[in-house]
Amino acid sequence: MQATTDFTGSQHTKDRTCIDLFQFCIPNAHTSSTTTPLSSLSMSSPYQQPLKIAIIGGGIGGLFATLCIRHHAQGRPVEIDVYEQASEFKEIGAGVGLGINAARLVHKVGIGEELNKIAGKRDGIWITFRRFDNSEDIVTVPLDDKQTIRQAPVARSDILDLLRHTIEDRKAATLHTKKQCKRVEDHGDSVTIHFADSTTATANLVVACDGIHSNVRNQFVQDKPIYSGQIAYRATIPISQIKDWNFPSYSVAWCAKHKHMLVFPITQNKVLNVVAFVTAGEDKVQDVVESWTSVCDRKDVEKDFEGFDAPVQQIISLMPEKPSKWRLNDREPLNQWSYFDGKVILLGDAAHAMLPHLGAGAGQAMEDGWVLGRTLGEYLHSSDPESLGSLQACADHYQTVRLPRAQRTQRTSRIAGNTYEMQVEDMVNKSYDECLPLMAERTKTRMQWVWEEDLDAAYDKVKQSASGEVKS
Ligand SMILES: Cc1cc2nc3c(=O)[nH]c(=O)nc-3n(C[C@H](O)[C@H](O)[C@H](O)COP(=O)(O)OP(=O)(O)OC[C@H]3O[C@@H](n4cnc5c(N)ncnc54)[C@H](O)[C@@H]3O)c2cc1C
């Protein structure tokens with residue numbers, strides 16, 4: 001299915017997949033009709049009528065959630081539309097490391113082999129932390145990467161393409177571009193979505209995957225992104241251009257007080273993803289935004305990383321003249337992820353934007369997608385009205401499974417960044433050399449709880465305790 005750009009609110013023509021769904025689901029559905037009034041869709045009998053789901057935002061979170069919902073709703077009538085504000089479904093530049101927790105889910109939706117093909121390949125090591133001035137080892141963390149299901153450091157554009165192509169191949173959703181959601185409006189059994197181009201769409205369920213600056217979240221929550229006190233320079237470099245590169249298959253971080261440079265190979269180890277973190281006061285970042293549109297001169301990176309060892313200097317010399325410069329923000333943990341009686345649900349950065357220091361934000365968004373998909377699948381397949389019998393019950397279940405873990409990742413991402421830059425309370429007044437053993441100790445097993453989670457077992461546990469409560 002091709003991405004559509006011709007959506008015109010209530011006048012839109014349904015694509016073939018949607019028409020087929022309607023024919024299958026609604027007796028006497030008129031295929032020539034342009035709309036189906038949502039008021040005629042009884043939410044108390046989801047088995048008869050297609051559940052209309054609008055995904056706002058076509059980033060990693062939105063596209064993966066689409067696949068998960070389709071995967072779990074197999075055989076049940078669901079109609080999914082994805083509304084992306086950009087003119088195409090595309091991520092530019094840079095890489096993203098997907099932990100094994102996220103890779104496991106990609107395998108579950110049936111595209112694990114494809115993920116392995118686009119990923120960088122580790123070789124027994126996840127990351128090595130090095131002194132900034134002479135590259136001596138601080139701590140090196142091993143990794144079992146011989147398994148089929150393994151970590152996947154990928155180019156953002158590659159993972160997004162994989163998700164989008166899979167959606168198209170499976171006819172999982174209708175994809176719309178140039179659709180910036182401004183706000184949502186409650187109509188009892190449906191939600192109207194208002195777009196920047198003055199068109200509207202309706203859905204039974206809106207899943208807001210519109211990132212850290214989520215317009216949907218902003219409609220319900222009065223908070224703002226919080227500046228972390230750090231910026232990041234970002235670039236990618238072909239590894240073939242680097243002379244005498246000794247780290248072909250794993251991540252390296254050169255750590256100094258208040259700054260560190262992280263690199264890891266992506267795209268079958270052909271490309272090096274570079275993220276250079278620097279602590280910078282609010283006054284120094286007024287012109288910096290959280291986007292690829294914000295760039296700087298390479299000289300700024302050279303200046304910030306003066307005194308770092310030769311491999312770092314070489315990497316900087318290979319960065320583009322105008323590397324990307326990011327303001328790193330997160331949000332305070334949010335304790336309510338659904339609104340309008342469960343008809344609006346937040347997912348990914350919209351629900352729990354976090355700092356990048358655990359390399360876990362995209363993985364957490366994917367976990368959201370899996371749990372939401374499973375929850376909605378159960379809702380649509382269930383013959384037991386006590387079990388997830390309403391969208392509010394689904395939203396509650398999704399939040400109960402996901403919120404504690406996502407918030408823990410948010411909190412510990414902050415701590416990890418401050419540990420790598422030796423800014424946590426008990427390191428601030430210590431010398432660089434005194435900080436190193438503390439950093440090594442706290443880093444060795446930092447990722448275990450993120451990677452080793454059995455998400456389906458966590459889901460079942462919440463389900464069991466909820467049914468225990470119903471019975472008692
Ligand atoms: C420097 C840096 C490095 C990182 N490294 C890693 C890493 O290694 N591993 C990892 O797991 N995570 C990493 N992250 C975090 C990760 O990038 C995010 O957590 C992840 O992209 C969140 O996905 P999302 O789909 O929720 O949001 P986004 O990726 O922000 O996607 C949101 C989408 O919604 C669209 N959109 C926005 N507003 C609207 C609107 N109003 N209407 C319609 N569409 C809209 C956007 O155009 C975009 O396509 C890193 C982040 C940063 C900043």
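Two strands are taken to pair if DSSP finds at least two bridges between them.

**Figure 1. Overview of the predicted chain.** The model shown here and in every following view is predicted. The secondary structure of the chain comprises 15 helices and 18 strands. Of the 472 residues in the chain, 47% are buried. Among contacts with a separation of 6 or more, 76% are made by residues 24 or more positions apart.

**Figure 2. Strand S13 and its two partners.** Strand S13 spans residues 251-256, and five of its six residues are buried. Strand S4 (residues 125-131) pairs with S13 in the parallel sense, over five bridges. In this pairing, Arg-131 stands opposite Cys-255 of S13. Strand S14 (residues 259-266) runs antiparallel to S13 and is joined to S13 by five bridges. Here Val-252 faces Val-263 of S14 as its opposite residue. The hairpin of S13 and S14 has two residues between the strands, and His-258 adopts a positive phi near 75° in this hairpin.

**Figure 3. The seven-stranded mixed sheet.** The strands form an open sheet in the order S5-S4-S13-S14-S15-S12-S16, with mixed pairing. Strand S5 (137-142) and strand S16 (324-330) each have a single partner strand, so one side of each of these edge strands is left without a neighbour in the sheet. On average, neighbouring strands of the sheet are turned by 20° against each other, direction ignored.

**Figure 4. Pairing of S12 with S15.** Strand S12 covers residues 226-238 and strand S15 covers residues 271-279. The two pair in the antiparallel sense over nine bridges. Ile-231 stands opposite Val-278 in S15.

**Figure 5. Strand S6 and its pairing with S3.** Strand S6 (residues 152-155) is covered on both faces. Ala-152 and Val-154 lie on one side, Pro-153 and Ala-155 on the other, and all are buried. S3 and S6 run antiparallel and are joined by four bridges. Gly-95 is placed opposite Ala-155 of S6.

**Figure 6. The three-stranded antiparallel sheet.** An open sheet is formed by three strands in the order S8-S9-S10, and the pairing is antiparallel. Strand S8 (181-186) and strand S10 (200-203) are the edge strands, each pairing on one side only. From one strand to the next, the twist averages 25°. S8 is joined to strand S9 (residues 191-195) by five bridges, and the two run antiparallel. Asp-186 stands opposite Val-191 in S9.

Figure 7. Most residues other than glycine have a negative phi. Asn-269, a residue other than glycine, has a positive phi near 65°. Asn-269 is located in the loop between S14 and S15. This residue counts as partly exposed because Asn-269 has 18 C-beta neighbours inside 10 Å. Phe-340 likewise has a positive phi, near 50°. The loop that holds Phe-340 lies between strand S17 (338-339) and strand S18 (344-346). Phe-340 counts as buried because of its 20 C-beta neighbours inside 10 Å, since a residue is buried if 20 or more other C-beta atoms lie within 10 Å of its own.

Definitions and conventions
Residues are numbered from 1 along each chain as its sequence is written. This is a predicted model: local features need pLDDT of at least 70, side-chain atom pairs count only at pLDDT 80 or more; totals for chains, interfaces and linings use all residues. A residue is buried if 20 or more other C-beta atoms lie within 10 Å of its own, exposed if 12 or fewer, and partly exposed in between; C-beta atoms are placed from the backbone. Two residues are in contact if their C-beta atoms, placed from the backbone, lie within 7 Å. Axes are lines fitted to C-alpha atoms, for helices over the stretch in contact, and angles run from 0 to 180 degrees between N-to-C directions.
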